[in-house]
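Hi,

Here's the structure I promised to pass on. Have a look, and my notes follow below.

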Amino acid sequence: MRRALTLILVLISATVFANERTFEQSFDVTADAEFSLDCHKGTIRVRTHQAPVIQVRARIYPDQGHDPELVDMVRIEPRSGSDYVAIEVEYERPEERFGGLLGGSATLPLIDFEILVPDDAALKLSSHKCEFDVEAGTGLVEIDSHKGKGTIRDVRNELELQTHAGRFEVEVTQLADLSVETHKGKIALEIHGAYDFSIRGDTHGGDFRVDGRDVQIKKERHGHSIDYREGSGHNRIRLSTHAGSIGLRFVN
């Protein structure tokens, strides 16, 4: 009985492994290159290093309970030059296998990305519902996520974050311009060593919270607003939400 059970487990493991695919490629770039990625769902993990090389690794595997053969219909398409690397995920599929357009997203395979970029590279990441684990560098950071979640750490340059219903925690260690917009998501920002900045924000039915500064949050007929300036106001913080929440915590 034990031998039979062991054999079954081995066969299941072999089947799962057989239905996975991997992608791996390195790109020589200039130190301040831009890396962009457009992915539907899975995880996006970004780390920085000092070499002028971008490394991309990906694991493609079936979503739980869905057709493992769909893994074979996923293509990772890289484009690159000396100052950029762009990764796009494409799906070659008969429409009936995927339930129509991307609205049938439950059947799409998952992709876990492991990305290594130069410390001063710019990041431009877009996804439908990926989970993010991003170590930012000194380059610009743009993230557009419909309903993803995750953390963005050590932001040291301009940041633009847009999400419809996502949940993000952001650590800013060197303040520059920040733009945060969410329809009904929840965003928490921890900002270190801030000076010479302004905050402008508005909500429809959402709310703001600010800790570490005496910032007045004005009650409006619909929602709340913020208009605050400290020092020269050079670093601009722009906040916008319809029915979500955005919190700022200043740490000095």
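Before you dig in: this is a predicted model, where local features need pLDDT of at least 70 and side-chain atom pairs count only at pLDDT 80 or more, while totals for chains, interfaces and linings use all residues. Numbering runs from 1 along each chain as its sequence is written, and side-chain values use heavy atoms, with hydrogens and water left out.

I started with the cysteines. The count comes to 0 disulfides, a disulfide being a pair of cysteine sulfur atoms within 2.5 Å. For Cys39, the closest cysteine sulfur is the one in Cys130, and at 3.9 Å that is too far for a bond. Cys39 counts as buried at 2% relative accessibility (buried means under 20% relative accessible area, exposed over 50%, partly exposed in between, with a 1.4 Å probe and protein chains only). Cys130 is buried too, at 1%.

Next, Val134, which sits in strand S9, residues 131-135 (strands are DSSP runs of E, at least two residues, numbered from the N terminus). Its relative accessible area is 0%, so Val134 is buried. Ile44 is 90 residues away from Val134 in sequence, yet their C-alpha atoms are 7.4 Å apart. Leaving out residues up to four places away in sequence, Val134 touches several others, including Val46, Leu123 and Ile152 (contact means heavy atoms within 4.5 Å).

Last one: Thr241, in strand S20, residues 235-241. Thr241 is buried at 4%, and its side chain reaches the backbone oxygen of Thr182 at 2.9 Å.

Cheers

Technical notes. Helices (H or I, at least four residues) and strands (E, at least two) are DSSP runs, numbered from the N terminus. A polar contact is a pair of N or O atoms within 3.5 Å; within protein, one must be able to donate a hydrogen and the other to accept it, and residues adjacent in sequence count only if both atoms are side-chain atoms.
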